[in-house]
Amino acid sequence: MSDRAHRAEEQWTRERADLDAHVMALVGRLLEAVHLLDRHWFAPLAAQFELQNGEFDVIATLRRSGEPYALTPKALHEGLMLSSGAMTSRLDRIERKGLIERVPAPNDRRSVLVRLTPAGRALIDHVLPLHVANEQQALASLNAQEQGQLNDLLTKLVAGLRNKPGA
């Protein structure tokens, strides 16, 4: 099968046979898949519901945390792998939309919890089935066994990447 990564691999093999062009093609395909998923599958759905990049992740994380659908900013920060500055900015935007609220933590009045509002819960409960259907369509070119294999391989890859120094 010839695709952009294959053509680039052939070109690099011709121009720099001393380099592992196969691994470059593999990483190129991974990056292209992420780009295509975001551009054609996830971004249009987020835009339809006026959610900026990452806002869906915050409200989905709160929803899946279970009642009372509240987490500390630190728990959200760690779960979403964002810098604290980026998290604060994102939370400010979502709070202005009325999808979350910051409330005093019941056990420590000096700290706060980020809690999903009823409007935030209604939105995520409406959008989530559409998001899952999008994901199913995006992966439809792979059968169930292939999806399982890809999942296993990506799990192994991510674990290996996380074990590298500085990760």
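The legends below describe close-up views of a predicted model.

**View 1. The length of helix H2.** Helix H2 covers residues 21-48, which is 28 residues. At 1.5 Å a residue, H2 should span 40 Å, and its end C-alpha atoms lie 39 Å apart, so the two values agree.

**View 2. The bend in helix H2.** At Phe42, H2 bends by about 40°.

View 3. At the start of H2, a side-chain oxygen of Asp20 comes to within 3.2 Å of the backbone nitrogen of His22. Just after H2, Glu50 has a positive phi of about 55°.

**View 4. The buried residues of helix H2.** Ala21, Ala25, Leu45 and Ala46 are the buried residues of H2. Their cover includes helix H1 (4-15) and helix H6 (118-138).

View 5. Strands of a sheet pair through backbone hydrogen bonds, either parallel or antiparallel. Here three strands form an open sheet in the order E1-E3-E2, and their pairing is antiparallel. Strand E1 (70-71) and strand E2 (100-105) are the edge strands, since each pairs on one side only.

**View 6. The pairing of strands E2 and E3.** Strand E3 spans residues 108-116 and pairs with E2 in the antiparallel sense over six bridges. Opposite Val114 in E3 stands Arg102.

**View 7. Helix H3 and the sheet.** Helix H3, made of residues 55-64, lies across E1, E2 and E3. H3 runs at about 105° to E3.

How values were computed
Residues are numbered from 1 along each chain as its sequence is written. This is a predicted model: local features need pLDDT of at least 70, side-chain atom pairs count only at pLDDT 80 or more; totals for chains, interfaces and linings use all residues. Side-chain values use heavy atoms; hydrogens and water are left out. Helices (H or I, at least four residues) and strands (E, at least two) are DSSP runs, numbered from the N terminus. The expected span of a helix is 1.5 Å times one less than its number of residues. The bend at a residue is the angle between axes fitted to the seven residues ending there and the seven starting there. Buried means under 20% relative accessible area, exposed over 50%, partly exposed in between (1.4 Å probe, protein chains only). Contact means heavy atoms within 4.5 Å. A polar contact is a pair of N or O atoms within 3.5 Å; within protein, one must be able to donate a hydrogen and the other to accept it, and residues adjacent in sequence count only if both atoms are side-chain atoms. Two strands pair if DSSP finds at least two bridges between them. Axes are lines fitted to C-alpha atoms, for helices over the stretch in contact, and angles run from 0 to 180 degrees between N-to-C directions.
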